[in-house]
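Keep the viewer open as you read.

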Amino acid sequence: MWQSRQNASWEWQAAHSGDWPYTEELTAGFVYLRLHGSPKTYASRYSRKEIEHLAGRIQVWLSGGEPRDAHRISGRVPPRRTSRDVCVYFDNDHRGYAPANALELTERLRAVPSGDR
């Protein structure tokens, strides 16, 4: 877990991996994703299907929304936004998977016209 002080409230972020629980709890005006690989932490490549799924969620967050099936851990209403910054960090670095997945995600997000986000 990562903790930071943001917008005068504590924000908790969980990382996605095969070893830790995954949550999508919106608590601030940005989204921070730390992707370690799954099912094997640091050593699994995300599939094209997983990248497509992630890209769809990122598009919703960029527009200030929240995915309908968000993995939430509270009943707290997320802060309303017209847009959100989204930072994605791939840490599945075994065999160079991180840069390959980052390029795949970048290409997928660039393929969507900005008006459709």
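## Before we start

Buried means under 20% relative accessible area, exposed means over 50%, and partly exposed is in between (1.4 Å probe, protein chains only). Helices (H or I, at least four residues) and strands (E, at least two) are DSSP runs, numbered from the N terminus.

This is a predicted model, in which local features need pLDDT of at least 70 and side-chain atom pairs count only at pLDDT 80 or more, while totals for chains, interfaces and linings use all residues. Residues are numbered from 1 along each chain as its sequence is written, and side-chain values use heavy atoms, with hydrogens and water left out.

Take a look at helix 2, with its 14 residues.

Which residues of helix 2 are buried? They are Tyr97, Ala98, Asn101, Glu104, Leu105 and Leu109. These residues share one side of helix 2, because they cover an arc of only 130° around the axis, taken from the directions from the helix axis to the C-beta atoms. They pack against helix 1 and strand 4, where contact means heavy atoms within 4.5 Å. Pro99, Leu103, Glu107 and Arg110 are exposed on the other side of helix 2.

## Backbone details in the loops

In the loop between strand 3 (30–35) and helix 1 (48–62) you will find Pro39. The peptide bond leading from Ser38 to Pro39 is cis, with omega near 15°. Tyr42 is also in the loop between strand 3 and helix 1; its phi is positive, near 70°, though Tyr42 is not a glycine. Tyr42 is partly exposed, at 36% relative accessibility.

Arg95 sits in the loop between strand 4 (85–90) and helix 2 (97–110). Another non-glycine residue with a positive phi, Arg95 has a value of about 60°. With a relative accessible area of 68%, Arg95 is exposed.

Note on methods: The expected span of a helix is 1.5 Å times one less than its number of residues.
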